[in-house]
Amino acid sequence: MTPRVGPATLAEAARERRDVVSGETRDESALIRFVLAPDGTVTPDLARKLPGRGIWVAADRASVEIAARKGHFARSAKTKAKAPADLADQVEMLLQRRVLDGLGLARRAGRLISGFEKVSAALTSGQAAWLIEAADGAPDGRRKIFAALRRSPRPVGQVGLFSSAELGLALGLENVIHTAFLAGRTADRWALEVQRLAGFRPLLPESWREEP
């Protein structure tokens with residue numbers, strides 16, 4: 001589940017651009033910016049800071065693969081462009097890194113809490129905007145934290161993409177299983193990155209849907 005980000009937050013983070021695949025005009029927050037390197041290689045620019053004319057593609061795997069396969073980058077740039085075969089995989093990895101880096105920044109800012117009891121309390125009190133569960137956590141602990149999630153008085157997004165080791169490295173902690181991102185503007189900004197990543201891989205493991 002991914003909570004909707006409010007219009008004010010989107011306005012702060014984005015302007016409108018045209019997706020070169022569909023031709024639709026969309027918020028930058030829903031697109032990936034690409035530029036051409038000096039040798040013509042198509043390069044993702046997730047931070048939107050690299051020099052050069054931006055080429056914008058919807059933030060989902062299918063759109064990036066179509067753009068690479070059907071020559072949309074070359075047509076948009078009006079020059080030769082070399083799109084790597086693994087371009088969509090590159091974008092996914094970069095988005096994952098941005099999401100994890102965002103968690104580390106949030107912890108240092110005091111907007112992220114970890115541990116079963118603290119996370120449960122944040123969920124049931126309505127303080128949490130996101131629940132981040134380690135993909136390799138024990139099913140019993142996950143069932144208990146999801147029970148607290150169901151008692152939340154507000155919609156809470158869920159992410160189960162990362163292992164305990166990956167979360168621990170991002171947060172500078174050990175044995176990270178249950179984490180909550182507290183509601184606020186920091187969580188809203190982070191949600192924009194999560195929404196883009198959701199176009200490249202599911203936010204929750206399929207196996208979790210089969211758990212009792």
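Two strands are taken to pair if DSSP finds at least two bridges between them; strands (E, at least two residues) and helices (H or I, at least four) are DSSP runs numbered from the N terminus. The model is predicted: local features need pLDDT of at least 70 and side-chain atom pairs count only at pLDDT 80 or more, whereas totals for chains, interfaces and linings use all residues. Residues are numbered from 1 along each chain as its sequence is written, and side-chain values use heavy atoms, with hydrogens and water left out.

**View A. The open sheet of four strands, in the order S6-S9-S7-S8.** Pairing in this sheet is mixed. Strand S6 (112-114) and strand S8 (157-159) form the edges, each pairing on one side only.

**View B. The antiparallel pairing of S6 with strand S9 (residues 178-182).** Three bridges join these two strands. Leu112 stands opposite Phe181 in S9.

**View C. The largest nonpolar core, of 39 residues.** Such a core is a set of buried Ala, Val, Leu, Ile, Met, Phe, Trp, Tyr and Cys residues joined through side-chain atoms within 4.5 Å. Among the residues with the most contacts inside this core are Phe34, Trp130 and Phe181. Helix H4 (87-108) gives the most to this core, with eight residues.

**View D. Ser120 in helix H5 (residues 116-125).** Ser120 counts as buried because its relative accessibility is 10%, buried meaning under 20% relative accessible area (1.4 Å probe, protein chains only). Not counting residues up to four places away in sequence, Ser120 touches Ile145 and Ala148, contact meaning heavy atoms within 4.5 Å. Ala148 is also included in a second, separate core of 14 residues.

How values were computed. Buried < 20%, exposed > 50% of the residue type's maximum accessible area, 1.4 Å probe, protein only.
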